[in-house]
Amino acid sequence: MKIAGDTHTHTLLCQHAYSTLLENIQAAAAAGHRFLATTEHGPAMPGAPHDWYFENLRKAVPRELLGVVVIKGCEANIMDQAGTLDVPEAGLKKLDLVIASMHRVTFPQGTTPEERTAAWRGVAKNPRVDIIGHLGDPRFKSDYEAAVRAFREGGQAVELNASSSKSRPGSEENCCRIAALCKEYKVPVVLSSDAHFCASIGEVEPAAAIAQKAGIPEEQILNLSYRRFRNWLAARHDIQDLPEE
Ligand SMILES: [Zn+2]
Ligand SMILES: [Zn+2]
């Protein structure tokens with residue numbers, strides 16, 4: 001499976017990734033991608049950029065560089081059982097793409113699966129959230145069926161994250177189950193690298209294998225085609241300047 005663009009990538013601005021945005025764009029161009037989503041961690045993550053980064057991103061960075069459409073996004077932290085995000089609304093409104101994820105350092109400790117499922121339901125109700133990040137993390141096991149059904153209602157896509165097997169050991173079985181549920185409920189998916197270094201941009205093979213194993217049709221994988229991803233995103237938010245092809 002060849003992706004048209006990576007939907008989840010980091011830069012050195014979060015202080016635990018090691019490439020610049022331009023290096024990531026160069027890597028995307030070298031891989032023949034049509035787009036790259038830059039999705040920095042929200043401000044609650046230690047070392048992550050503060051609010052102004054997200055408010056200024058669209059203004060400061062060109063829409064297209066080296067033939068790569070730059071999608072300006074964030075990976076917001078889910079902060080509580082209500083699904084509250086750490087990026088303020090003023091920032092969310094100014095971004096093209098919002099991933100919402102649970103992280104060990106920002107989501108409350110000691111929650112139950114029911115409480116985490118409630119958090120996912122809250123996230124699904126937020127029209128600013130486009131993609132659900134690494135849902136299969138075993139530290140945040142939830143009722144995946146209830147969550148995927150909520151995402152169907154909310155119109156979110158679910159990410160299959162290629163870094164999960166390394167960064168979140170024990171994810172694979174959960175990710176296979178989530179992929180099967182996405183197929184059953186026809187929830188769109190994306191394949192992402194979650195790259196923290198430019199050489200990893202576009203490395204999505206483990207995620208592609210899970211999608212294939214689940215039998216998810218290619219038309220349901222948004223980022224296999226720029227046009228498919230672009231049209232899905234343009235229907236969710238008022239973004240005037242995304243090239244059509
Ligand atoms: Zn993450
Ligand atoms: Zn990430």
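The following exercises, each with a worked solution, concern a predicted model of a protein chain.

In this predicted model, local features need pLDDT of at least 70 and side-chain atom pairs count only at pLDDT 80 or more, while totals for chains, interfaces and linings use all residues. Residues are numbered from 1 along each chain as its sequence is written, and chains are lettered from A and ligands numbered from 1 in the order in which they are written.

**Exercise 1. The whole chain**

Determine whether the radius of gyration of the protein chain agrees with that of a compact globule.

Solution. 
- Step 1. The rule for a globule is 2.2 Å times the number of residues to the power 0.38, and the radius is taken over C-alpha atoms.
- Step 2. For 245 residues a compact globule would have a radius of gyration near 18 Å; the chain has 16 Å, and therefore the value agrees.
- Step 3. The C-alpha trace spans about 45 × 40 × 35 Å along its principal axes.
- Step 4. The chain has 9 helices and 8 strands, which are DSSP runs numbered from the N terminus (helices: H or I, at least four residues; strands: E, at least two).

**Exercise 2. Helices α7 and α8**

Describe how helix α7 (residues 171-185) packs against helix α8 (residues 205-214).

Solution. 
- Step 1. Two packed helices are described by the angle between their axes and the distance between the axes.
- Step 2. For α7 and α8 the angle is about 50 degrees and the axes are 9 Å apart. Axes are lines fitted to C-alpha atoms, for helices over the stretch in contact, and angles run from 0 to 180 degrees between N-to-C directions.
- Step 3. The two helices are therefore oblique to each other (under 35 degrees is roughly parallel, over 145 roughly antiparallel, 65 to 115 roughly perpendicular, and the rest oblique).
- Step 4. C175, C176, A179, A180 and K183 of α7 meet I210, A211, K213 and A214 of α8. Residues are in contact if their C-beta atoms, placed from the backbone, lie within 7 Å.
- Step 5. By class, this contact has 7 nonpolar, no polar and 2 charged residues (Ala, Val, Leu, Ile, Met, Phe, Trp, Tyr, Cys and Pro are nonpolar; Asp, Glu, Lys and Arg are charged; the others, Gly among them, are polar).

**Exercise 3. Helices α5 and α7**

Describe how helix α5 (residues 144-154) packs against α7.

Solution. 
- Step 1. The angle is about 40 degrees, and the axes lie 10 Å apart.
- Step 2. Helix α5 is therefore oblique to α7.
- Step 3. Y144, E145, V148, R149 and R152 in α5 meet R177, I178, L181, C182 and Y185 in α7.
- Step 4. The residues of this contact divide into 6 nonpolar, no polar and 4 charged.

How values were computed
Two residues are in contact if their C-beta atoms, placed from the backbone, lie within 7 Å.
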